[in-house]
Amino acid sequence: MEPQSLSVADVTYEQIAGTIDHSLLRPELTLEEVAAGCRLADQYRVVSVCVRPADVAFCADILQDSETAVGTVISFPHGDSTTAVKVFEADRAMADGAVELDMVLNIGWLLSGEFERVEDDIRAVVEAARDKAIVKVILENAYLDDEQKVAACRLVEAAGADYVKTSTGYAPSGATLDDLRLMRATVSPAVKVKAAHGVRTLDALLAVMEAGADRCGATRTSTMLDDYRARTGG
């Protein structure tokens, strides 16, 4: 990523931590490792954990007295579940304690130009989550050209979702500054932007924030926040 002009002097610890969704999605994580990740997220006061669907209730119990929210993924990582299955996943996740849902749009439909079907698919999850959870929609930009990214952003906003998100972390590439700027310029201020995949340092986090990201998926949370504290003496 290119150097950023945003520096640690421009942001507080709370602002930095408030962008981080600590990711606990790797399939090989043990429950002990998931629990440790939840405790780390609470210790560093990040905004949320993003966990595997089967772990939502487990993590919600661990974080019941924490300000760190529990989020999960829907139709992850390919986005090709039926709409009814996505809605069921959303309902079950919320019943288990999730208040943030990162859903993958149907990439194949988008690439086929089936825009109405893509929008309806997103809207069904948004309606299931209404007043109970925020919905972030993963575009999986690695497979899209700029025109398709713009179309996807517009469909997400039309469907009423809260965020557009770059990537799952399981495609060939992840968040780029150009993509984040494009997404931020395409959606209205009512829709936020999440970066995911590849943000592993504090400088990279500052760069994506400057490019328009309101949230960032991260696995190296402690490294980034320890670096912030070391640089600021906080």
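1. Thr68 sits in the loop that runs between helix 3 and strand 3 (69–74); helices (H or I, at least four residues) and strands (E, at least two) are DSSP runs numbered from the N terminus. The model is predicted: local features need pLDDT of at least 70, side-chain atom pairs count only at pLDDT 80 or more, and totals for chains, interfaces and linings use all residues. Residues are numbered from 1 along each chain as its sequence is written, and side-chain values use heavy atoms, with hydrogens and water left out.

2. Thr68 counts as buried because its relative accessibility is 5% (buried: under 20% relative accessible area; exposed: over 50%; partly exposed: in between; 1.4 Å probe, protein chains only). A polar atom of the Thr68 side chain lies 3.5 Å from the backbone oxygen of Ala41. Residues touched by Thr68 (heavy atoms within 4.5 Å), not counting those up to four places away in sequence, include Ala41, Arg45 and Leu63.

3. Arg45 also forms a salt bridge with Glu14, with the closest N and O atoms 3.4 Å apart (a side-chain nitrogen of Lys or Arg within 4 Å of a carboxyl oxygen of Asp or Glu). This pair links distant parts of the chain, 31 residues apart: Arg45 is in the loop between helix 2 (31–44) and strand 2 (48–51), and Glu14 is in helix 1 (residues 13–17). Arg45 is partly exposed at 46%, whereas Glu14 is exposed at 51%.

4. Lys149 and Asp146 meet in a salt bridge at 3.3 Å, N to O. Both lie in helix 7 (residues 146–159), three residues apart. Lys149 is buried at 8%; Asp146 is partly exposed at 47%.

Conventions
Polar contact = N/O pair within 3.5 Å; in protein donor to acceptor, adjacent residues only side chain to side chain.
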